[in-house]
Amino acid sequence: MNDERPALSPAFRIASIAILAAVTTVLTRVVQIPTVARGYINLGDVAIVFTALTFGPFSAALSGGLGTALADLLSGPFAFWAPISLVVHGLQGLVVGVIAAARPTNIVVRIIAGVAGMAIVAGGYFVAGGFITGWGPSLVDVPANILQGGVGVVLGILLAIAVARAYPPVRQWKW
Amino acid sequence: MIVDFYKTGSSFLHRFDPRAKLILLVPLFACFFFRVPPSVLVPYCCALIALVAATLGPGELLSPLKAIGPVLVLICLLTPPFHRTGTPLWQVAGVVVVTTDGARETTLMVLRFLGITFGFFAVVRTVSPEDLVLSLRWFRLPYGACLVVLIALRTIPSLVGTWHNVQDAHRLRSAGQERTRKRRLSLGAYMPLLTSVLIEAVKQIPVQAMALESRGYGRRTHRTSFADLPTGPRALRDAFIALGIAMLFVAPAFIPW
């Protein structure tokens with residue numbers, strides 16, 4: 001099987017977004033550390049940062065938004081967060097990918113990109129949560145979201161490097 | 001891990017048109033943000049809770065209540081300090097703890113969170129993944145986007161299986177090195193797990209792409225559909241019922257309270 005097929009074919013893009021969205025959903029749902037207001041912190045940000053650094057901003061935006069939205073739907077009680085997660089994490093993936101694309105192999109740029117994504121997630125959920133649960137409870141969740149984002153940045157960067165080394169064809173799949 | 005959000009059933013809500021249910025989420029969400037007295041939202045909340053109990057069973061109430069319980073407590077504790085206008089209701093050592101405005105705002109927030117949670121819970125648990133995708137197609141979401149959702153939903157269970165297999169393999173590999181079995185892995189210990197799972201996942205991408213191309217994805221020929229949502233009198237009846245319910249949700253916004 002030829003693993004070096006062009007990454008611009010529509011079927012490949014569909015497949016990559018779908019499978020990366022599934023990865024994001026699984027990592028969001030498999031490891032869950034409960035918090036008070038938002039529900040849980042998880043490894044979903046790891047998947048989004050990994051996707052942004054490896055597959056590019058558009059893959060990360062679409063798969064990150066869809067994956068976290070599906071995870072919220074699967075959670076049951078927190079299903080109403082799905083549209084909010086779709087937008088917030090989609091934006092996170094897009095911003096991380098766009099900033100990292102400026103200097104793809106520079107670790108400092110990657111960290112800056114990850115931090116920008118963290119700010120979007122923490123700010124986005126703070127604003128959305130402020131309208132739904134009130135500003136007080138929403139503020140309580142900001143440190144947890146920042147912690148989740150920080151873990152996502154560190155592990156996401158490390159995984160992008162590790163997977164690219166262990167499976168080199170993935171380096172040609174950025175779009 | 002739950003890999004499906006749908007609970008099988010034959011209640012009237014299960015049989016209600018999925019397109020109408022999804023559209024109703026918009027006025028449902030909006031009605032809890034209107035500036036109305038809390039007493040107006042109480043019947044809506046009660047109706048949504050009763051709907052979940054009637055269509056999914058009383059046992060299904062426990063899951064959302066357990067999940068949102070801590071949030072409700074947090075709302076009750078943290079909302080009054082941010083709304084200190086109005087007549088003091090409760091003072092401790094001369095310090096105003098709760099005022100009328102604080103109590104009103106807290107009640108509104110609690111009802112809002114309860115109503116939105118149970119409303120979305122009722123709809124999500126009674127719409128199957130197939131109906132969800134067909135509804136999105138009916139709403140003119142592009143075919144490619146619907147295909148992405150379908151493939152993602154189908155891939156999730158196998159990825160969960162991959163995760164558990166890789167986790168067991170790593171556990172077996174390190175069984176001789178650890179004296180005590182740790183209940184929870186440290187975050188660093190997730191690195192080899194995540195690397196293995198991610199590689200297994202990305203290897204599926206070209207295979208999936210090949211499968212799509214071999215099934216004709218990208219061709220210009222007319223596309224048929226294995227299944228479709230019902231049309232006709234029943235769908236029309238559900239549409240009128242949904243319109244009536246939407247008007248009920250939106251009506252409080254037009255009444256001068």
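The model is predicted: local features need pLDDT of at least 70, side-chain atom pairs count only at pLDDT 80 or more, and totals for chains, interfaces and linings use all residues. Residues are numbered from 1 along each chain as its sequence is written, and chains are lettered from A and ligands numbered from 1 in the order in which they are written.

**Stop 1: the side of chain B that touches chain A**

Select both chains. 51 residues of chain B are in contact with 50 residues of chain A. Contact means that the C-beta atoms of two residues, placed from the backbone, lie within 7 Å. Now color the helices of chain B. On the side that touches chain A, α4 (62-78), α5 (100-125), α7 (143-173) and α8 of chain B each supply at least two residues. Helices here are DSSP runs (H or I, at least four residues), numbered from the N terminus. α8(B) gives the most, with 14 residues. By class, this side of chain B has 40 nonpolar, nine polar and two charged residues. Nonpolar covers Ala, Val, Leu, Ile, Met, Phe, Trp, Tyr, Cys and Pro; charged covers Asp, Glu, Lys and Arg; the others, Gly among them, are polar.

**Stop 2: α7(A) against α8(B)**

Select residues 142-166 of chain A and residues 190-214 of chain B. The axes of these helices come within 10 Å and cross at roughly 55°. Axes are lines fitted to C-alpha atoms, for helices over the stretch in contact, with angles from 0 to 180 degrees between N-to-C directions. The angle therefore makes α7(A) oblique to α8(B). On this scale, under 35 degrees is roughly parallel, over 145 roughly antiparallel, 65 to 115 roughly perpendicular, and the rest oblique. The crossing is right-handed, with the near helix turned clockwise from the far one by less than a right angle.

Show side chains next. α7(A) brings A:Leu155, A:Leu158, A:Leu159, A:Ala162, A:Val163 and A:Ala166. α8(B) answers with B:Met191, B:Leu194, B:Thr195, B:Leu198 and B:Ile199. Ten of the contact residues are nonpolar, one is polar and none is charged.

**Stop 3: α2(B) against α5(B)**

Stay in chain B and select residues 18-31, which form α2(B). Its axis comes within 10 Å of that of α5(B), and the two cross at roughly 180°. So α2(B) is roughly antiparallel to α5(B). Pick out B:Lys21, B:Leu22, B:Leu25, B:Leu28 and B:Phe29 in α2(B). They meet B:Ile116, B:Gly119, B:Phe120 and B:Val123 in α5(B). The contact has seven nonpolar, one polar and one charged residues.
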